[in-house]
Amino acid sequence: MSDVTTAEFNEEGKYLRKVRSFVLREGRLTKGQATAMEQQWPSMGLDYSPEPLDLVQVFGREADTVLEIGFGMGASLVEMAKASPELNFIGIEVHKPGVGACLSDAAEAGVTNLRIFHHDAVEVLENSIVAGSLARVQLFFPDPWHKKRHHKRRIVQPDFAQLIRRTLKIGGVFHLATDWENYSEHMLEVLDAAEGYKNQSTTGDVIKRPEHRPLTKFEARGHRLGHGVWDIMFERID
């Protein structure tokens, strides 16, 4: 489970703007992660700025861009970037060892179509991403805050859904995945009610895992134990 952001929400799911809305989680880096941060950040790292990103300048080309929020250690993100060299990928993660691990894996895989933010996801989405510029936004296995009294802390809330919608181009997709059925129900409830979206599921609920999302080791183990995973994809139609 990746700790996507430490931004907080009130009882109505409203994002609380604070002087300091997040804490970068430094953690203890391995020698390899520290080396990757030093060697790979100049080419793959994106230093946060409230100015909108020029994606053509960042990637040196025009291409559809996929953004992942809270990529954890980054293994599946690197796998996706390697499998789809025609796409640009941006990852956001607040946990520094995860950033280091992702940079290390990307360098080892020879991936050149990936850029990384070590910053709060909500601030990046609000300030650094041009409206209508993304082909897909991914949120895989966010913290489920499974106790009912903590549900208000879940990142998937009405305001957040509209923040994602703003960054997507028309026809762009918000792809979510969770291994908590209750959270999948919450995600569906929020997105069904959200203006400007259409569920890509033909049955109006969840979909089978699409080929572009790699099966994680954690997920494969869950399958063996009979645990479920729910994928949800909503398209921006307005």
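**Helix packing, loops and annotated sites**

Let me start with proline 52. Leaving aside its neighbours within four places in sequence, proline 52 is in contact with Asn127, Ser128 and Val130. Please keep in mind that this is a predicted model.

Where does proline 52 lie? Proline 52 is in the loop between β1, residues 45-46, and α2, residues 55-59. Buried or exposed? Proline 52 has a relative accessible area of 52%, so it is exposed. The cut-off for exposed is over 50%. Now take a pair. Proline 52 and alanine 131 are 79 residues apart in sequence. In space, C-alpha to C-alpha, proline 52 and alanine 131 are 9.2 Å apart.

Next, glycine 132. Glycine 132 sits in the loop between α5 and β5. Its relative accessibility is 32%, so glycine 132 counts as partly exposed. What does glycine 132 touch? With neighbours within four places in sequence left aside, the contacts of glycine 132 are Arg166, Thr167, Leu168, Lys169 and Arg236. Here is another pair. Glycine 132 and isoleucine 164 are 32 residues apart in sequence. Their C-alpha atoms are 9.7 Å apart in space.

On to the helices. Start with α1, residues 31-44, and α4, residues 96-109. Their axes come within 8 Å. They cross at roughly 70°. Angles of 65 to 115 degrees count as roughly perpendicular, and α1 and α4 are therefore roughly perpendicular to each other. The crossing of α1 past α4 is left-handed.

Which residues make that contact? From α1 we have Gln33, Ala36, Met37, Gln40, Trp41 and Met44. From α4 we have Lys96, Pro97, Val99, Gly100, Ala101, Leu103, Ser104, Ala106 and Ala107. By class, the contact of α1 with α4 has ten nonpolar residues, four polar and one charged.

Now α3, residues 75-83, against α4. These axes come within 9 Å and cross at roughly 30°. That makes α3 roughly parallel to α4, because angles under 35 degrees count as roughly parallel. What hand does the crossing have? α3 passes α4 in a right-handed crossing.

Who meets whom? On the α3 side there are Ala75, Leu77, Val78 and Lys82. On the α4 side there are Cys102, Asp105, Ala106 and Ala109. The residues of the contact of α3 with α4 divide into six nonpolar, no polar and two charged. Note Ala106 of α4. Ala106 is in the contact with α1, and Ala106 is also in the contact with α3.

Now the annotations. Let's look at aspartate 120. Where is aspartate 120 found? In the loop between β4, residues 114-117, and α5, residues 121-127. Aspartate 120 has 0% relative accessibility, so it counts as buried.

UniProt also places the feature "binding site" at Lys147, Asp179, Thr216, Lys217, Phe218 and Glu219, again in an unreviewed entry. Take lysine 147 and glutamate 219. Lysine 147 is in the loop between β5 and α6. Lysine 147 counts as partly exposed because its relative accessibility is 42%. Glutamate 219 lies in helix α8, residues 217-224. Its relative accessible area is 2%, so glutamate 219 is buried. Not counting residues up to four places away in sequence, glutamate 219 touches Phe141, Arg209, Arg213, Pro214 and Val229.

That brings us to phenylalanine 141. Phenylalanine 141 is in the loop between β5, residues 134-140, and α6, residues 158-167. What is its phi? About 55°, a positive value, although phenylalanine 141 is not a glycine. Phenylalanine 141 is buried, with a relative accessible area of 8%.

Tryptophan 145 is found in the loop between β5 and α6 as well. Its phi is near 40°, a positive value in a residue other than glycine. Tryptophan 145 is partly exposed, with a relative accessible area of 28%.

Last stop, serine 184. Serine 184 lies in helix α7, residues 181-193. Its relative accessible area is 3%, so serine 184 is buried. Leaving aside neighbours within four places in sequence, serine 184 is in contact with Thr178, Trp230 and Ile232.

Terms used: Residues are numbered from 1 along each chain as its sequence is written. This is a predicted model: local features need pLDDT of at least 70, side-chain atom pairs count only at pLDDT 80 or more; totals for chains, interfaces and linings use all residues. Side-chain values use heavy atoms; hydrogens and water are left out. Axes are lines fitted to C-alpha atoms, for helices over the stretch in contact, and angles run from 0 to 180 degrees between N-to-C directions. Helices (H or I, at least four residues) and strands (E, at least two) are DSSP runs, numbered from the N terminus. Angles under 35 degrees count as roughly parallel, over 145 as roughly antiparallel, 65 to 115 as roughly perpendicular and the rest as oblique. A crossing is left-handed if the near helix is turned anticlockwise from the far one by less than a right angle, and right-handed if clockwise. Contact means heavy atoms within 4.5 Å. Ala, Val, Leu, Ile, Met, Phe, Trp, Tyr, Cys and Pro count as nonpolar, Asp, Glu, Lys and Arg as charged, and the others, Gly among them, as polar. Buried means under 20% relative accessible area, exposed over 50%, partly exposed in between (1.4 Å probe, protein chains only). UniProt positions are given in the numbering used here, feature names are shortened, and annotations may be inferred rather than shown by experiment.
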